[in-house]
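Here is a short report on one chain.

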Amino acid sequence: MAARPTWKGFLKISLVNIPVRVFPATDSAATISFNQLHGECQTRIQQKRWCPKCEREVPISEVVKGYEFEKGRYVVMEEEDLAKVRPESTRVIDLVQFTQVEAIDPIYVERPYYLAPDGQMALEAFAVIREGMAGKAGIGKLALYGREYLVAVQPREKGLVMYTMRRSNEVRSMDAIEELEHVPEKLKPEEIKMAKQVIGNFEGQLDLTEYRDAYQEELQRIIDAKIAGQEVVASEEQAPPKVVNLMDALRQSLDRVSSTKKKSAKVADIDKPVKAAKAPPVKEKKRARG
């Protein structure tokens, strides 16, 4: 099934305007979701709009949007009022600044979207801009789902990926976390050295496809068992780890990695085909001259 765009407009860089389409980069259907049911009859629950003052259900035609400017006092916003909110970002992603991709702090990144050219006329310009942005991210704005987002756009494979971003006032400072005030600044050099050794043993090329969602798999197993009318057997719960001395834990970690590597090496040696020993060359007997 082909992906459907959630937004159409223009990607703007200075005087360059490229028609683009925006597509969701994530799939919400990849995770298991539940419906709320009435436990007695297994009927799906309906949520109705109810007015406690009029004591009746309210049809959608009578529902309006209100902003509470004082406790219990609202100003009603009609659709005509909302239609007057037309910043440029409702039709244009205007990239006003470029920076290195590494300069974007992940804490500000919210949700990814894919950008693709909209129509044949946009293909070449889209490709040229994508190549010109190599290693860089463009910062701009986009009005989406009733609000204006700060966005970062950067090249990815054949297209561009756009991240909606949190604004600086939406990210809390770590200074507000009191527990961090007690974290020691002076540390033992030998502990840091050993910690780096332990961490270094787990370094490798990242491949996220290797990581499965164990919770979703276990949940699906239980769902399938209940559908089949089978007894649901819970997996054995692991005991919480014991708190041990830091240096002991680091030494044990290094020993475990070392022993694992040795076992792997032995298994590899066993798997290797055994080469047959070469037989010594047979010397020909000289014939007696008669």
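M174, I177, L180 and V183 form a nonpolar surface patch of about 370 Å². Patches take residues with over 30% relative accessible area and no salt bridge, joining like charges within 9 Å and nonpolar side chains (Val, Leu, Ile, Met, Phe, Trp, Tyr) within 5 Å. A salt bridge puts a side-chain nitrogen of Lys or Arg within 4 Å of a carboxyl oxygen of Asp or Glu. Areas are Shrake-Rupley values with a 1.4 Å probe; for residues, only the protein chains shown count as cover.

The model is predicted: local features need pLDDT of at least 70, side-chain atom pairs count only at pLDDT 80 or more, and totals for chains, interfaces and linings use all residues. Residues are numbered from 1 along each chain as its sequence is written, and side-chain values use heavy atoms, without hydrogens and water.

The chain has five helices and 14 strands. These are DSSP runs, numbered from the N terminus: helices are H or I with at least four residues, strands E with at least two. Of the 290 residues, 18% are buried. Buried means under 20% relative accessible area, exposed over 50%, and partly exposed in between (1.4 Å probe, protein chains only). The accessible surface of the chain is about 25200 Å², with 54% from carbon and sulfur atoms.

Two residues show the two classes.

| Residue | Place | Class | Relative accessible area |

Helix 2 (residues 123–132) buries F126, I129 and R130. Down the axis, these buried residues fall within an arc of 105 degrees, so they line one face of the helix. The arc uses the directions from the helix axis to the C-beta atoms. The face turned away carries the exposed residues E124, V128, E131 and G132. On the buried side, the packing partners include strand 1 (7–13), strand 11 (109–117) and strand 14 (159–165).

F126 touches I18, V20, L115, A116, P117, K158, G159 and L160, leaving out residues up to four places away in sequence. Contact means heavy atoms within 4.5 Å. F126 and L160 lie 34 residues apart in sequence, with 9.0 Å between their C-alpha atoms.

The largest nonpolar core has 21 residues, and I93, L115 and M162 touch the most other members. Such a core is a set of buried Ala, Val, Leu, Ile, Met, Phe, Trp, Tyr and Cys residues joined through side-chain atoms within 4.5 Å. Among the elements giving two or more residues are helix 2 and strand 12 (136–144).
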